[in-house]
Amino acid sequence: MAVWTYQQTPGAAADAPGRWPSASVVSPPTDRPTLILAAHPQCPCTRASVAELGRLMTRLGDRVSAHVLVYKPREFPAGWERTEVWEAAARIPGVTVSVDVDGAETARFGAVTSGQVLLYDTAGRQRFSGGITNSRGHVGESPALQQIASVVEGRGAQGETARVFGCALAGPPRGD
């Protein structure tokens, strides 16, 4: 029962800006929506989020620009962030993976939980905020994947949301 409760308990939702943050180091293209995935490299839950991102990118291809921002504390050694989460994200066609030192970039987007996904349209308006799994570490179709695809395909509403399942970005992961 405790494991099920933990798997179904979402992390803190992002307090994401409604418009693309001007201080962001990620330069969004103006010809397609931009997706951001915040990732803690040691979070076991995030492996499922990256797997679902792979499914989403297979469906959407070059109709969306995707960036995975991998958290790394400044004082940790180089390479600490290069885990299975990083490697799996880097293998997804069309995804750019970047180190996010001290979570500075994800903070610009208001993300505090690993697995947080944000989608912004070509005008820089936020169109989705949430996670893309149904629970911690769960791989499989989710309403969030459908919401994102609908927005990118021009059928979705603005401001779609979903619960996000993952560990806190700053600090050690809790584990599954």
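Which backbone nitrogen lies 3.0 Å from a polar atom of the side chain of Ser24? I looked it up: the nitrogen belongs to Val26. My cut-off for a polar contact is a pair of N or O atoms within 3.5 Å; within protein, one must be able to donate a hydrogen and the other to accept it, and residues adjacent in sequence count only if both atoms are side-chain atoms.

Ground rules before I go on. This is a predicted model, where local features need pLDDT of at least 70 and side-chain atom pairs count only at pLDDT 80 or more, while totals for chains, interfaces and linings use all residues. Residues are numbered from 1 along each chain as its sequence is written, and side-chain values use heavy atoms, with hydrogens and water left out.

Ser24 sits in the loop between α1 and β1 (helices are DSSP runs of H or I, at least four residues, and strands runs of E, at least two, numbered from the N terminus). I count Ser24 as buried because its relative accessibility is 13% (buried is under 20% relative accessible area, exposed over 50%, partly exposed in between, with a 1.4 Å probe and protein chains only). Leaving aside neighbours within four places in sequence, Ser24 is in contact with Glu105, Arg108 and Phe109 (contact: heavy atoms within 4.5 Å).

I searched the whole structure and got four aromatic pairs (ring centres of Phe, Tyr and Trp, the last by its six-membered ring, within 6.5 Å; planes under 30 degrees apart are stacked, over 60 edge-to-face, the rest tilted). Trp20 and Phe109 make an edge-to-face pair, at 4.9 Å centre to centre and 75° between the planes. The two are 89 residues apart, with Trp20 in the loop between α1 (2-7) and β1 (34-39) and Phe109 in the loop between α4 (104-108) and β4 (117-120).

Next, the cores. Which residues touch the most other members of the largest nonpolar core? I found Leu35, Leu53, Val68, Val95, Leu119 and Ile148, out of 28 residues (a core is a set of buried Ala, Val, Leu, Ile, Met, Phe, Trp, Tyr and Cys residues joined through side-chain atoms within 4.5 Å). Helix α5 gives the largest share, six residues. Another core lies apart from this one, with nine residues, including Val26 and Phe109.
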